[in-house]
Amino acid sequence: MCGIIGYSGHENAADKLIHALTSLEYRGYDSAGVTLFAENGTVTLKKQGRLKNLQQLLADNPIASVCGIGHTRWATHGKPSDDNAHPHVSGKVSLVHNGIIENYADIRRDLERDGAVFLSDTDTESAVKLLDDAYRQTGEPLSAIRQTCEQLTGSYAFAIVFADINGKVFGVRRGSPLIAAYGQDGNFVASDITAVLWDTRRYISLDENEIAAVTNDGIVVTDFDGKAVAKETKTAEWDSESAEKGGFPHFMLKEIHEEAESVGRTVAAHIKDGLPDFQSCGLSRQFLSKLKSVTIAACGTAMHAGLVGKTVTERLAGIPVRVEVASEFRYGSVFLEEGDLFVAVSQSGETADTLAALDIAKQHGARTLGIVNAAGSALSREADGVFLTMAGPEISVASTKAYGVQLAALYLLAIATAEAKGKLSSEDARLFTQTLLTEIPSKISEVVSRESEIRTLASDFMNAKSVFFIGRGLDCALSYEGSLKLKEISYIHSESYAAGEMKHGTISLIEENTPVVAVATQPELFTKTISNIREVKARGANVLLICPANFPNADIADTVFNIPATSELFTPFTAVTALQLFAYHMAELRGRDIDKPRNLAKSVTVE
Ligand code: G6P
């Protein structure tokens with residue numbers, strides 16, 4: 001999703017903005033641009049495509065400047081193009097935007113009726129034109145910004161400069177994340193702290209309806225009544241090293257290598273006396289003991305983690321768990337009431353659909369828990385309780401280590417609930433918790449250490465046009481993630497099916513050499529999955545089997561990857577690492593842009 005940066009300081013602003021935009025590349029984008037203060041007002045340069053295009057433009061048009069704003073755009077309104085790229089300019093105002101302005105078409109129609117000429121197809125340009133009008137009327141930036149925002153609906157964050165106010169950048173938060181940071185030789189506004197970790201870890205999070213005015217010697221925050229707001233300066237836990245590749249060819253591979261440690265760290269941070277600790281997340285043992293059902297809402301990979309959490313919670317705690325695709329939550333009937341637990345799972349904590357689902361759950365009186373990786377994110381602020389996962393920054397668009405820590409959180413919740421309800425003895429609960437703390441991280445590392453084996457298996461499938469994933473039970477939940485990972489980064493069509501469902505339609509797509517990845521980690525389901533493997537084999541499929549060494553008849557598959565032996569309840573941790581590495585190497589063998597796959601955004605802050 002769009003990345004925002006603004007800088008006011010003493011050093012070369014173009015360099016600072018490009019550095020920050022490079023750090024924001026992970027969010028996904030298709031064009032980029034900057035506005036810089038030059039000798040006589042501002043200059044705006046923008047270009048479709050990768051940042052290197054913008055860098056070339058800057059190299060051809062060097063601008064000595066110490067203040068400016070920059071943007072990476074992920075197209076929503078209007079195709080990727082130079083004209084649609086941000087910043088958008090009207091009169092003295094130059095503005096970059098993340099989010100969506102819902103009433104932009106009405107504003108545009110009214111302004112066009114009055115003779116305004118629009119240069120882009122974006123929703124953003126309506127905002128910049130309104131702001132230009134307001135600034136002409138008021139001659140005062142803060143009231144012009146407030147007046148403009150009152151006319152806009154939707155959720156958005158802006159960084160703004162006015163050509164006649166050299167050295168000052170304004171940042172506004174209304175529904176989309178924005179921070180301001182104290183740098184070494186100047187100050188910033190940015191979409192998130194990873195944008196500036198190379199320069200500083202000191203930042204403030206803007207709250208809703210706050211405006212930051214950033215200059216080279218300070219940051220002043222005001223609310224929409226014009227009152228100054230005292231903000232707490234935070235220090236990011238994440239350091240710049242953790243947001244860099246550290247010798248790996250891609251962030252995704254680095255992050256898979258960090259998965260084991262992330263899981264161990266997350267579990268360690270949420271244990272008390274050997275048992276999962278949810279008291280600190282606002283869920284008492286008594287509350288868990290009375291729990292009748294759980295609803296989990298999330299998007300993408302986080303939703304897939306929820307599917308595993310469902311199976312584990314239902315198995316251990318014996319209560320029903322619904323997993324909802326967050327973007328659909330508001331359209332179905334909501335069966336939540338007081339005393340129910342609603343869990344929102346999100347790496348970024350800024351996913352608009354997940355936040356909208358959380359809002360609905362709160363309206364229905366449910367107790368809400370956010371399982372979230374980004375401290376200070378909207379989810380961490382808005383949920384009643386927060387379980388902070390400890391994956392560190394995840395830069396690659398395709399989520400890997402964040403899935404691992406989300407699983408860890410959901411397993412701990414399942415164990416805690418089962419123990420509180422008396423479905424699991426304290427001894428067994430301790431044993432399971434200990435397994436998550438030590439054994440599972442070491443088994444994940446074992447899979448990672450066999451990366452070259454997985455690369456060889458991937459090379460067998462690298463020319464595939466379509467890959468199917470099948471599994472039953474927990475393995476079905478896992479297969480969804482394996483399939484998603486593959487399509488996200490390799491662009492190979494892929495579908496995931498409950499192994500028993502394949503024969504009810506999709507098996508018609510199996511022909512000679514069609515790749516099928518069969519995930520079979522649950523001993524009580526081996527026999528049934530063997531039948532399903534035979535069904536696809538009989539139609540010519542080329543089957544890669546992911547299973548533990550005790551799988552009988554592994555020779556029915558064409559190739560096999562044995563995951564290390566663990567209790568069957570915990571196999572998703574190791575099996576998913578194998579699937580992530582498989583997807584990574586398929587994409588790498590095909591020469592894909594792994595960390596920045598086309599069309600995708602890391603943090604989707606629009607509904
Ligand atoms: C986007 C990303 C996915 C991610 C999903 C949910 O679609 O590309 O990798 O799983 O958002 O993100 P969240 O930050 O809420 O976990």
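N216 counts as partly exposed, at 33% relative accessibility. In this predicted model, N216 belongs to the loop between β12 (210-215) and β13 (218-223). Its C-alpha atom is 9.8 Å from the C-alpha atom of E11, although 205 residues separate N216 and E11 along the chain.

## Backbone features in loops

Two asparagines have a positive phi without being glycine. One of them is N209, with phi near 60°. N209 lies in the loop between β11 (202-205) and β12, and with a relative accessible area of 27% this residue is partly exposed. The other is N513, whose phi is positive at about 75°. N513 is placed in the loop between β23 (493-498) and β24 (515-519).

Another backbone feature concerns a peptide bond. H86 and P87 are joined by a cis peptide bond, with omega about 0°. P87 is part of the loop between β4 (67-73) and β5 (88-90).

## Salt bridges

Side chains of opposite charge can pair when their charged atoms come close. The structure contains 30 salt bridges. The table lists some of them.

| Pair | N to O distance |
|---|---|
| D593 and R50 | 3.0 Å |
| E258 and K401 | 2.7 Å |
| K537 and D558 | 2.7 Å |

Which parts of the chain does the salt bridge between D593 and R50 bring together? D593 lies in the segment after α17 (571-589), and R50 lies in the loop between β3 (41-48) and α2 (51-60); the pair therefore ties together parts that are 543 residues apart in sequence. D593 is partly exposed at 32% relative accessibility, and R50 is also partly exposed, at 25%.

The salt bridge between E258 and K401 has its closest N and O atoms 2.7 Å apart. E258 is in the loop between α6 (251-257) and α7 (259-268), while K401 is in helix α12 (residues 401-420), so this pair connects parts that are 143 residues apart in sequence. Is K401 buried or exposed? K401 counts as buried, because its relative accessibility of 2% falls under 20%.

K537 and D558 form a salt bridge through their side chains. K537 is in helix α16 (residues 526-537) and D558 is in the loop between β25 (542-548) and β26 (559-563), so the parts tied together are 21 residues apart in sequence. Both residues are partly exposed: K537 has a relative accessible area of 27%, and D558 stands at 40% relative accessibility.

Salt bridges can also be joined into a network. D106, R109, D110 and R113 are linked in this way.

## Surroundings of the ligand

How many residues surround the ligand? There are 14, and the closest are S346, Q347, S348, T351 and A601. Helix α9 (residues 300-317) supplies three residues, the largest share of this shell.

A backbone N or O atom of T301 is 3.0 Å from a ligand oxygen. An N or O atom in the side chain of S346 lies 2.5 Å from an oxygen atom of the ligand. For the side chain of S348, the corresponding distance between an N or O atom and a ligand oxygen is 2.6 Å. On its own, the ligand has 390 Å² of accessible area, and the protein covers 90% of this area. The space that the ligand takes is the second largest pocket.

How values were computed:
Residues numbered from 1 in each chain as written. Predicted model: local features only at pLDDT ≥ 70, side-chain atom pairs only at ≥ 80, totals over all residues. Heavy atoms only, no water. Salt bridge = Lys/Arg side-chain N within 4 Å of Asp/Glu carboxyl O. Helix = DSSP H or I, 4+ residues; strand = E, 2+ residues; numbered from the N terminus. Buried < 20%, exposed > 50% of the residue type's maximum accessible area, 1.4 Å probe, protein only. Near = heavy atom within 4 Å. Polar contact = N/O pair within 3.5 Å; in protein donor to acceptor, adjacent residues only side chain to side chain. Areas by Shrake-Rupley, 256 points an atom, 1.4 Å probe, with all protein chains shown as cover. 1 Å grid on protein atoms, 1.4 Å probe; cavity = no way out; pocket = protein on both sides within 12 Å on 5 of 7 lines; lining within 4 Å. Sits in = over half its atoms within 2 Å of the grid points.
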